[in-house]
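I open this notebook to record what I looked up in one structure. The entries go from the overall fold to single residues.

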Amino acid sequence: MQEFRVKTGSRSEFVDITDRVQAALAEEGIVDGVCLVFCPHTTAAITINEDADPSVSSDIQNYLDQFVPRRGSYRHAEGNSDAHIKSSFFGCSELVIVEGGRPVLGTWQGIYFCEFDGPRTRRVLVKVVGEK
Ligand code: ZN
C-alpha cells in the first residue's frame, strides 16, 4: 500500500491528485489491475471529474454549499456537519482500472481529493491489486 499526504489551504478545496496516484502506481510496479484510492477521513472525499477547466470543481463546490449550507439545524456539536454530509455525497474512495501501469481515465478526467473541513493535512491511501 502507498500513502501520501495532501495539505489543503482552505475550508473547501478540490486538489488534483492524479499525478500522485500515478506515482504510487509506479512505486508499486503493477502494470495491469485495479487501484483503490481511499481517504481515511470523515469530512473529505475522493472523486473523479473534469481536470481541464478548474471552474468545474469550483462550480461543484459552490453548488454543494447551496445544497448543504455550513450553518443549518444540524445536531452534531462539532459545527462541521455540512462537511460530513458532503463527504458522504462523494464517498471516501474511487476504484480505477490500471492498464500499462497507468490509471485508465477519460480524456478530461482527473482524480480529486475533496476537502470539506480544511485547512488540514490529510492522508490518501492507494492500494493496487494486479500483475507486475
Ligand atoms: Zn464532525
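The entries below concern a predicted model.

**Entry 1. Fold.** I began with the secondary structure, which comes to three helices and eight strands. Read along the sequence, I noted the pattern β-β-α-β-β-α-α-β-β-β-β. I then looked up the radius of gyration: it is 15 Å, close to the 14 Å that the globule rule gives for 132 residues, so the protein is as compact as a globular protein of that length. Along the principal axes, the C-alpha atoms fill a box of roughly 50 × 30 × 20 Å. I recorded that buried residues make up 40% of the 132 residues. Of the contacts between residues at least 6 apart in sequence, 83% join residues at least 24 apart.

**Entry 2. Nonpolar cores.** I asked which residues have the most contacts inside the largest nonpolar core. They are Ile17, Cys35, Val37, Phe113 and Val124, in a core of 20 residues. Two or more residues each are given to this core by β1 (2-7), α1 (18-28), β3 (32-38), β4 (44-50), β5 (93-99), β7 (109-115) and β8 (121-131). Another core, of seven residues, lies apart from it; among its members I list Phe14, Leu64, Tyr112 and Phe116. I then followed Val37 beyond its neighbours within four places in sequence, and found contacts with Ile17, Val21, Ile46, Cys92, Ser93, Glu94, Ile111, Val124 and Leu125.

**Entry 3. Zinc site.** Which atoms coordinate the zinc ion? I found His76 (NE2), Glu78 (OE), Asn80 (OD1) and His84 (NE2), at 1.8 to 2.2 Å. The spacing of these donor residues in sequence is H-x1-E-x1-N-x3-H. The angles among the four donor atoms run from 92 to 151°, and the site is irregular. Asn80 is buried at 5% relative accessible area, whereas His76, at 37%, counts as partly exposed.

**Entry 4. Helix α3.** I turned to α3 (residues 81-90), whose buried residues are Ser81, Asp82, Ala83, Lys86 and Ser87. The cover over these buried residues includes β4 and α2 (54-67). Just after α3, I noted a positive phi of about 90° at Gly91.

Entry 5. Is Arg122 buried or exposed? This residue of strand β8 is buried, with a relative accessible area of 2%. I looked up its side-chain partners and found a polar contact of 2.8 Å with the side chain of Thr43, and another of 2.6 Å with the side chain of Glu115. Leaving out residues up to four places away in sequence, Arg122 touches Phe4, Arg5, Val6, His41, Thr43, Ala44, Phe113, Glu115 and Asp117.

From that list I went on to Arg5, which is found in strand β1. Arg5 is partly exposed, at 48% relative accessible area, whereas Arg122 is buried. Beyond its neighbours within four places in sequence, Arg5 is in contact with Arg20, Thr121, Arg122 and Arg123.

Terms used:
Residues are numbered from 1 along each chain as its sequence is written. This is a predicted model: local features need pLDDT of at least 70, side-chain atom pairs count only at pLDDT 80 or more; totals for chains, interfaces and linings use all residues. Side-chain values use heavy atoms; hydrogens and water are left out. A nonpolar core is a set of buried Ala, Val, Leu, Ile, Met, Phe, Trp, Tyr and Cys residues joined through side-chain atoms within 4.5 Å. Buried means under 20% relative accessible area, exposed over 50%, partly exposed in between (1.4 Å probe, protein chains only). Helices (H or I, at least four residues) and strands (E, at least two) are DSSP runs, numbered from the N terminus. Contact means heavy atoms within 4.5 Å. Donors are N, O and S atoms within 2.8 Å of the metal (3.2 Å for Na, K and Ca); water is not among the atoms, so sites may look incomplete. Four donors count as tetrahedral if all angles lie between 85 and 135 degrees; four count as square planar and six as octahedral if opposite donors are over 155 degrees apart and all others between 65 and 115; anything else is irregular. A polar contact is a pair of N or O atoms within 3.5 Å; within protein, one must be able to donate a hydrogen and the other to accept it, and residues adjacent in sequence count only if both atoms are side-chain atoms. The radius of gyration is taken over C-alpha atoms; the globule rule is 2.2 Å times the number of residues to the power 0.38.
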